[in-house]
Amino acid sequence: MKQYKQKLNAEEKSILTAFESGKLRSISHLETEKKRLQTIAKAHGIKNRRISLRMTEWDFLRVQEEALKEGLPYQSLLSSIIHKYLTGQLTDR
């Protein structure tokens with residue numbers, strides 16, 4: 001197999017090894033499954049909901065400051081924080 005310069009993590013290496021050894025099998029109804037997964041991916045990436053959020057002036061200024069440090073629009077930072085909270089990726093310090 002062609003060697004890539006990109007480094008693989010442990011999970012990716014495991015998948016590559018299984019693929020190269022022939023342990024992976026194609027699923028039945030491949031085209032249907034591909035379309036289903038593409039639909040899920042598209043829906044996940046679409047940001048089509050607007051919300052109005054009330055917060056204190058102090059919180060708002062802090063969010064803007066943090067977004068500036070990260071080089072993001074403050075709306076993107078807020079969206080990221082909410083997403084991380086909902087997926088369990090947001091942890092306490």
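Tutor: Buried means under 20% relative accessible area, exposed over 50%, and partly exposed in between, with a 1.4 Å probe and protein chains only. The model is predicted, so local features need pLDDT of at least 70 and side-chain atom pairs pLDDT 80 or more, while totals for chains, interfaces and linings use all residues. Residues are numbered from 1 along each chain as its sequence is written, and side-chain values use heavy atoms, leaving out hydrogens and water.

Student: Is Leu90 buried, exposed or partly exposed?

Tutor: Leu90 is placed in the segment after α4; helices are DSSP runs (H or I, at least four residues) and strands likewise (E, at least two), numbered from the N terminus. The relative accessible area of Leu90 is 43%, so Leu90 is partly exposed.

Student: Which residues does Leu90 contact, leaving aside its neighbours within four places in sequence?

Tutor: Contact means heavy atoms within 4.5 Å. Gly71 is 19 residues from Leu90 in sequence and 20 Å from Leu90 in space, C-alpha to C-alpha. With the neighbours within four places set aside, the contacts of Leu90 are Ile81, Lys84 and Tyr85.

Student: Which residues form the aromatic pair, and is the pair stacked or edge-to-face?

Tutor: A pair of aromatic rings is described by the distance of the centres and the angle of the planes. Rings of Phe, Tyr and Trp (its six-membered ring) pair if their centres lie within 6.5 Å; planes under 30 degrees apart count as stacked, over 60 as edge-to-face and the rest as tilted. The structure holds one such pair. Phe60 and Tyr74 have centres 5.2 Å apart and planes at 85°, and the pair is edge-to-face.

Student: Which parts of the chain does that pair tie together?

Tutor: Phe60 is partly exposed at 24% relative accessibility, and Tyr74 is partly exposed at 29%. Phe60 belongs to residues 57-70 and Tyr74 to residues 74-86, so the pair ties together parts 14 residues apart in sequence, helices α3 and α4.

Student: How are α3 and α4 arranged relative to each other?

Tutor: Axes are lines fitted to C-alpha atoms, for helices over the stretch in contact, and angles run from 0 to 180 degrees between N-to-C directions. Phe60, Val63, Gln64, Glu66 and Ala67 in α3 meet Tyr74, Leu77 and Leu78 in α4, and the two axes come within 8 Å and cross at roughly 100°. Angles under 35 degrees count as roughly parallel, over 145 as roughly antiparallel, 65 to 115 as roughly perpendicular and the rest as oblique. The helices α3 and α4 are therefore roughly perpendicular.

Student: What distance separates the end C-alpha atoms of α3?

Tutor: The expected span of a helix is 1.5 Å times one less than its number of residues. With 14 residues, α3 should span 20 Å, and this agrees with the distance between its end C-alpha atoms, 20 Å.

Student: Which glycine with positive phi follows α3?

Tutor: After α1 comes Gly22, with a positive phi near 80°. After α3 the phi is positive too, near 75°, and the residue is Gly71.

Student: Which residue other than glycine has a positive phi near 60°?

Tutor: Most residues other than glycine have a negative phi. The residue in question sits in the loop between α1 and α2 and is exposed at 63% relative accessibility. Its phi is near 60°, and it is His29.
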